[in-house]
Amino acid sequence: MVLSTFNAISSSYRNTSSVLAAHQSRRWYKRRICSQVWSAQEPAKLQYRKLGDSDLLISEITLGTMTFGEQSTEKESHDMLSYSFDQGINILDTAEIYPIQPRKETQGRTDLYIGRWMKSKPRDKVILGTKISGYSDRTFLRDNAEVVRVDAANIKESVEKSLSRLSTDYIDLLHIHWPDRYVALYGEFSYNSTKWRPSVPFEDQLKALQELIDEGKVRYIGVSNETSYGVMQFVQAAKLQGLPKIVSIENGYSLLVRCSFEVDLAEVCHPNNCNIGLLAYSPLASGVLTGKYLDASAGDAKSFRLNLFPGYMQRYNSPLAQEATKEYIKVAKKHGLTAVQLALGFVRDRPFTASTIIGATTMDQLKENIDAFISAPRPLPPQVLDDIDIIFKRYRDPAVL
């Protein structure tokens, strides 16, 4: 009797549980479908991330401006700045040496364009980033110098001139464009020990930057085209001397240039280690990953940057880099993506990327790039990443010479 009653109760419980589970499953399914429909109806938006140890909340796209004043007129530049601002991009990247290619006649023109645009914008809504030049023989950058260095005098002169050109009282984020010491740069594969030279001590560079921070002319500092050794030296000097810590690193990163960051800088910059955010430049490998350089007979090919400036960033357009680009474009087509969506989506989704620097010479280019960045599936599906890995294992970094 007891056993039969127990079985009856158990059976009733199982039936009730099954009904409840079915109802819950249907409710979950409806919520999931409604969520998917809602997501499909809602326009994709930019996300914002805290940059390193700073209090800067930056958009995941940074507007690159190095063509302003060379390939883009002032009106075109202002239009692109305004469009970016309207799309939610809140951080700009310039440099004292811009526009590219660097020339005495045009140096600083990019800043002047930005400065005149900034006058009509609320200053606290724009995160302004610029860069002081590293060791260089481009003496036109300074009033009186036999060589440009990253010492106190050069840093002060650079910042004062940048503030004037940019029509502002302060710089939100100041990077050292490339190191004062010798490092393997711009596609150079390995460190050449014979090129070692004496350099300005890390702590001296930080002390000079500290003065500018104390004066309210600079808020935060970072490095660019830097190595793990350099990052660690800056972090250690800051810790030992009580000096400002770098919060960001601006290095090249794309489907064609990965290893230099992924091998060890990714560990160094991890939030639980040095907590330094990557601002990734050249995510399209100077436009090569769009595929436009694959057709040399294209009607507008002469206007492309690598064709306008022979020798500039040619590492991205080497035969091996072109071969790898063709394979990545095949991957994009296979998964219903554009080449730009694949390239920008990949950089966007990397765990160490704080923001992706996107530049353009025309409004059409800018709109395409921003749209591709936002519209690419977030994150890129595992099948896409698997295919990217296959290509990567075959070519590694084809743009490294």
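## Salt bridges in the model

Buried means under 20% relative accessible area and exposed means over 50%, with partly exposed in between. Glu215 has a relative accessible area of 42%, so Glu215 is partly exposed. Its side chain meets that of Lys217 in a salt bridge, with 3.3 Å from N to O. Please keep in mind that this is a predicted model.

Side chains of opposite charge can pair when their charged atoms come close. How many salt bridges does the count come to? The count comes to 27. One of them joins Arg258 and Glu262, whose closest N and O atoms are 2.7 Å apart.

## A buried pair and its serine neighbour

Glu96 and Arg142 form a salt bridge in which the closest N and O atoms are 2.9 Å apart. This pair links distant parts of the chain, as the two residues are 46 residues apart. Glu96 belongs to the loop between strand 4 (91-93) and helix 3, and Arg142 to the loop between strand 5 (127-132) and helix 4. Glu96 is buried, with a relative accessible area of 2%, and Arg142 is buried too, at 5%.

Now look at Ser158, which lies in helix 4. Its relative accessibility is 0%, so Ser158 counts as buried. The side chain of Ser158 makes a polar contact of 3.2 Å with the side chain of Glu96. Neighbours within four places in sequence aside, Ser158 is in contact with Glu96, Ile132 and Arg142.

## Where helix 3 meets helix 4

Two packed helices are described by the angle between their axes and the distance between the axes. For helix 3 (residues 109-118) and helix 4 (residues 152-166), the axes come within 7 Å and cross at roughly 50°. The two helices are therefore oblique to each other.

Which residues meet here? Helix 3 brings Asp111, Leu112, Ile114, Gly115 and Met118, and helix 4 brings Ser162, Arg165 and Leu166. The residues of this contact divide into four nonpolar, two polar and two charged.

## Ala280 in strand 9

Ala280 lies in strand 9 (residues 277-281). With 0% relative accessibility, Ala280 counts as buried. Setting aside neighbours within four places in sequence, Ala280 is in contact with Asn251, Tyr253, Val347, Ser355, Thr356 and Ile357.

How values were computed: Residues numbered from 1 in each chain as written. Predicted model: local features only at pLDDT ≥ 70, side-chain atom pairs only at ≥ 80, totals over all residues. Heavy atoms only, no water. Helix = DSSP H or I, 4+ residues; strand = E, 2+ residues; numbered from the N terminus. Buried < 20%, exposed > 50% of the residue type's maximum accessible area, 1.4 Å probe, protein only. Contact = heavy atoms within 4.5 Å. Axes fitted to C-alpha atoms, helices over the stretch in contact; angles between N-to-C directions. Parallel < 35°, antiparallel > 145°, perpendicular 65-115°, else oblique. Nonpolar A, V, L, I, M, F, W, Y, C, P; charged D, E, K, R; others polar. Polar contact = N/O pair within 3.5 Å; in protein donor to acceptor, adjacent residues only side chain to side chain. Salt bridge = Lys/Arg side-chain N within 4 Å of Asp/Glu carboxyl O.
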